[in-house]
Amino acid sequence: MGLPDYLHWPFFEDRHRQHAKALDTWARARLPALLEDDEKDAMSATRRLVAALAEGGWLDAAVSSAPGRAPDSLTLCLSRDILASYGALADFAFAMQGLGSGPIGLCGDTAQRQRYLPDVKSGRSIAAFALTEPDAGSDVAALKTTARRDGDDYVLDGTKTFISNAGLAGFYVVFARTGVPGPRGLSAFIVDADTPGLEVSEQLPVISPHPIGVVRLASCRVPAGRRLGEEGQGFAIAMGTLDVFRVSVGAAALGLSRCAFQQALDRVREREIFGAKLATYQLTQAKIADMAVGVDASALLVYRAAWTKASLGGRTTREASMAKLFATEQAQLVIDQAVQLFGGLGVVHGSTVERLYRDVRALRIYEGTSEVQKLVIAAQYLKGGH
Ligand SMILES: Cc1cc2nc3c(=O)[nH]c(=O)nc-3n(C[C@H](O)[C@H](O)[C@H](O)COP(=O)(O)OP(=O)(O)OC[C@H]3O[C@@H](n4cnc5c(N)ncnc54)[C@H](O)[C@@H]3O)c2cc1C
């Protein structure tokens, strides 16, 4: 798709520009072949993509490199922006290695880090993040999966749904209840995929290629050494991880919308209607202007949040939620406009904008729906301090 045209913005340093250029060159050369047939077999395509991203050394940008330290938010977001502009599944394969291993990076002990993170970076192990349940999506604190202490182990029972990489993952970070109802009773565990009692019971056929399914835990025995942090810290670990990765969902949306915008520009310059190019009509120009503003405003919010995280550290809940909310909603609008400008061709299976139309939809739902982001943003103001 090409490099973003905002790399000269003051958010970025030369190392970010160099990373973006190198990744773009790699993506242009490698991703078309790697993404071929991803609609037919998303599982195999994801495996291929993780292996290739690891071989290129790109997964380092998604995974923690020092205890308690999140990956650099600007490099993470630029990576997702660029990968998504070439193909949503490439971005997904990259991002899930980060999200799935994020809790280990943020609060894993030395043994946990050494056991899991090198394999995630090298692509030997695929990571998954298992929070959502059939009756607990937006309302995370309502989750019902239990982890009962039994000697040196915990015994986990429950059902997790909409788990990305289900069936592919080497391990799942599972959030379960060890104590009182509500957020304070949750804990996080690393559960190896081959642990007896863990079963991927179903794959969910979603609207665009994405390996995702249901994970059941039945008397699943996990050593106490696989608990992340202390008992009762699970909710904080989940939210801390989402605080890092949520803004990068906005970056992925930005990559998808940049691709749609470029497709639309190319199309209106070529397409002849009523004896003139489509681009010459003012109704078309209004659409182009709306799309351009949508892309740039999204980029500003995404990289403002990423810069704040990378430079100032700490929680960036408000900035990340604003970026995720705005960039995913705008991407939906930009892509919809692109489909409209393509006319009938925009809804034919196999056209780039048709695929983008399906790819973008889930981004407004996962890692907190748009409605949840609004609640989070409002709470940041209503609790004071702004
Ligand atoms: C493609 C995809 C990948 C995913 N990957 C993962 C993963 O890897 N790991 C994982 O744990 N989960 C994953 N999820 C799950 C995702 O995080 C949840 O779907 C999401 O949090 C929403 O939960 P829900 O589906 O239960 O919807 P619900 O929580 O039932 O929400 C239904 C609707 O109610 C709205 N709503 C919620 N609260 C309020 C309110 N207070 N007021 C008004 N409206 C409200 C929501 O915004 C939504 O529109 C994935 C989902 C998808 C689609």
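This is a predicted model: local features need pLDDT of at least 70, side-chain atom pairs count only at pLDDT 80 or more; totals for chains, interfaces and linings use all residues.

Biologist: What makes the overall dimensions of the chain agree with a compact globule?

Modeller: For 386 residues, a compact globule would have a radius of gyration near 21 Å, and because the chain has 21 Å, the two agree. Along its principal axes, the C-alpha trace spans about 80 × 50 × 40 Å. Buried residues account for 51% of the 386 residues, and of the contacts between residues at least 6 apart in sequence, 74% join residues at least 24 apart.

Biologist: Into which parts is the chain divided, and how many helices and strands are there?

Modeller: The chain holds 10 helices and 10 strands, and the assignment divides it into domain 1 (14-121), domain 2 (127-231) and domain 3 (236-382). The contact between domain 1 and domain 3 takes 21 residues from domain 1 and 21 residues from domain 3. On the side of domain 1 that touches domain 3, the elements giving two or more residues are helix H3 (73-86) and helix H4 (88-107), and H3 gives the most, with 10 residues. That side of domain 1 divides into 13 nonpolar, 4 polar and 4 charged residues. The centres of domain 1 and domain 3, taken over C-alpha atoms, are separated by 20 Å.

Biologist: Why is the ligand said to lie between two domains?

Modeller: Domain 2 (127-231) and domain 3 (236-382) both give residues to the shell around the ligand, so the ligand lies between them. That shell has 19 residues, and the closest are Gly137, Ser138, Ser164, Thr369 and Glu371. Strand S1 (127-130), strand S3 (153-164) and helix H10 (370-382) are the elements that give two or more residues to the shell. By residue class, the shell divides into 12 nonpolar, 6 polar and 1 charged.

Biologist: How do you know that S3 is paired with other strands?

Modeller: The rule asks for at least two bridges between two strands. Strand S2 (residues 146-150) is joined to S3 by 5 bridges, and strand S7 (residues 212-223) is joined to S3 by 9 bridges. S2 and S3 form a hairpin with 2 residues between them, and Gly151 in the turn has a positive phi of about 65 degrees.

Biologist: Why is Ile126 called buried, whereas Asp336 is called partly exposed?

Modeller: A residue is buried if 20 or more other C-beta atoms lie within 10 Å of its own, exposed if 12 or fewer, and partly exposed in between. Ile126, with 25 other C-beta atoms within 10 Å, is therefore buried, and Asp336, with 17 C-beta neighbours inside 10 Å, counts as partly exposed because that value falls between the limits. Ile126 has its place in the loop between helix H5 (110-121) and S1, whereas Asp336 lies in helix H8 (residues 317-342). Their C-alpha atoms are separated by 33 Å, and the two residues are 210 residues apart along the chain.

Biologist: Which residues does Ile126 touch, leaving aside those up to four places away in sequence?

Modeller: Ile126 touches Val50, Asn165, Leu168, Ala169 and Gly170. One of these, Asn165, has its place in the loop between S3 and strand S4 (171-177), and with 30 other C-beta atoms within 10 Å Asn165 is buried.

Notes. Residues are numbered from 1 along each chain as its sequence is written. A residue is near a molecule or strand if its C-beta atom, placed from the backbone, lies within 6 Å of it. Helices (H or I, at least four residues) and strands (E, at least two) are DSSP runs, numbered from the N terminus. Ala, Val, Leu, Ile, Met, Phe, Trp, Tyr, Cys and Pro count as nonpolar, Asp, Glu, Lys and Arg as charged, and the others, Gly among them, as polar. Domain bounds come from an automatic or database domain assignment. The radius of gyration is taken over C-alpha atoms; the globule rule is 2.2 Å times the number of residues to the power 0.38. Two residues are in contact if their C-beta atoms, placed from the backbone, lie within 7 Å.
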